[in-house]
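Please look through the sequence and the model shown below before reading on.

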Amino acid sequence: MIPSMIPIPLPGGLEMPMPRMVRARQSFNGDTITDVDQAMADQMARFSHIDLTGKSVAVAVGSRGIRSQPPVVKALVTELQKAGAEPFIVPAMGSHGGGTAEGQAAIVEEYNCGSQALGIPLKSSMEVVELCEVHDGLKVYCDKNAMAADYIVPVNRVKPHTSFRGNHESGLCKMLAIGLGKHTGAVEMHRRGMVNFGPILPKVAEGVMANASILFACAIVENGYEKLHTMELVAPGDIIERDAELLVLSKNLIPRLLVDPIDVLIVDEIGKNISGAGMDPNVTGRNSQKMNDFGGPDINRIIVRGLTEGTHGNATGLGVADVTTQAVVKEMDWTKTYVNIVTSGEPGAASLPLVANNDLEAISLAMRGVIMLEGKDARIVRIENTLDLADIWVSEPMIGDVEKTPGIEIVGEPFDMPMTSGMLGALHG
């Protein structure tokens, strides 16, 4: 196990001069659907010709902490009930929740999309039904409870994936192919390697739709502030095409870091409820496969300070960082992390970076890893996570660049980086 204290007796010690920090505010597209209930009613009206009286409907909900998902799912359930249907919730996630029915049910409940929040049944099982084979012997699976329903409605956010590029990434096709396929389907897919997901996802999704009764899919696209930008019920015949179109929209909306280059990026928390990769490579420009086509700023070193509560110890993505802390290691659930990593076939995502004893040491180690860097000149950026990018900290040497960059502004005065017993103060404190 990792020792509770790791002495690093370097000449002169670890501490380096720190630049002062200042709060900066980034601006993104903020177009938002404000009346979710009415928007859902308008969408459901397009399917009013389908008689749902007495029909059971499996509403498939995933494992991401999608901020706009609870009101969307609630509105969807309400409209299905108004139409006479009998909806229930199915967790649609591959290996998350430790790869157990109980763990996946707990995730859905925590996201306010389960029986406690909605007052409808939650049916969680890891059992699947084999539907068919596609793409040279690739087996297609679907959740057993979902297959027993009269109809299935997959719900998912459409956004760029963290591990591959294609016309279909995170979205409707992925929910059909991997979410509803559960752990069995996820393993079958990941054996082919994520690099091949682009062409495989739509084929597997078509296999599901050809053998299961998909009522429609519910697509969510968020703006740069994690608020609902687009919500659409997509007919089965349009899912493949619309999934690709909404991905283009999402890529234009996702928040990014607008400052470049960065010597050290401090990330307060990573987690599966933030990104499938723990921290989104569409923000950091890095992923565990060393892909380099995510764009974003040139970041030299990354520090991870903590795990989100919602990740339940799953530290997937930690291996992308250069430095972490003892506090993060103590928070890790090694089993949940390894189940996720082994299923995905990407062991590098959980590799352990340098483990510093505290935040101050972590920053010093990261700065020492930047060639010829003088501490007071360091270009440091601190973020809460890769979803919440509106308010950030930047170091004083970056102020001139910020003032010349559209979409970001300085909103305070420089201050010394707050440290308490070697730990950073609150980002928004």
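Is Phe88 buried or exposed? At 5% relative accessibility, Phe88 counts as buried, where buried means under 20% relative accessible area, exposed over 50%, and partly exposed in between, computed with a 1.4 Å probe on protein chains only.

The model is predicted, so local features need pLDDT of at least 70 and side-chain atom pairs count only at pLDDT 80 or more, whereas totals for chains, interfaces and linings use all residues. Residues are numbered from 1 along each chain as its sequence is written, and side-chain values use heavy atoms, with hydrogens and water left out.

Phe88 belongs to strand β3; helices (H or I, at least four residues) and strands (E, at least two) are DSSP runs, numbered from the N terminus. Contact denotes heavy atoms within 4.5 Å. When neighbours within four places in sequence are left aside, the residues in contact with Phe88 include Ser56, Val57, Ala58, Val59, Ile120 and Pro121. Between the C-alpha atoms of Phe88 and Leu118 there are 9.3 Å, and the two residues stand 30 residues apart along the chain.

**Helix α3**

Helix α3 spans residues 101-110, and seven of its 10 residues are buried. Among them are Ala101, Gly103, Ile107 and Val108. The cover over the buried residues of α3 includes strands β2 (56-61) and β3 (86-91), together with helices α4 (115-118) and α7 (182-190). Just after α3, Asn112 adopts a positive phi of about 60 degrees.

**Nonpolar cores**

A nonpolar core is a set of buried Ala, Val, Leu, Ile, Met, Phe, Trp, Tyr and Cys residues joined through side-chain atoms within 4.5 Å. In soluble globular proteins, nonpolar side chains tend to be buried together. The largest nonpolar core here has 43 residues, and those that touch the most other members include Ile152, Leu176, Met189 and Ile239. Helix α8 (residues 197-211) gives the most to this core, contributing seven residues. With neighbours within four places in sequence left aside, Ile239 is in contact with Leu172, Leu176, Met209, Ile214, Ala217 and Val234. A second, separate core consists of 34 residues, including Leu80, Leu118, Phe216 and Leu228.

**Salt bridges**

Side chains of opposite charge can pair when their charged atoms come close. A salt bridge is a side-chain nitrogen of Lys or Arg within 4 Å of a carboxyl oxygen of Asp or Glu, and the structure holds 22 of them.

| Salt bridge | N to O distance |
|---|---|
| Arg67 and Asp388 | 3.3 Å |
| Asp401 and Arg379 | 2.9 Å |
| Lys404 and Asp401 | 4.0 Å |

Why does the pair of Arg67 and Asp388 tie together parts that are 321 residues apart in sequence? Arg67 lies in the loop between β2 and α2 (69-82), while Asp388 lies in the loop between β13 (380-383) and β14 (391-395), so the pair joins these parts. Arg67 is partly exposed at 49% relative accessible area, and Asp388 is partly exposed at 22%.

Asp401 sits in helix α14 (residues 399-404) and Arg379 in the loop between α13 (359-368) and β13, so their pair ties together parts that are 22 residues apart in sequence. Asp401 is partly exposed at 27% relative accessibility, whereas Arg379 is buried at 14%.

Lys404 and Asp401 both lie in helix α14, three residues apart, about one turn of the helix. Lys404 is exposed, with a relative accessible area of 66%. Elsewhere, salt bridges that share partners join Asp268, Arg305, Asp359 and Arg382 into one network.
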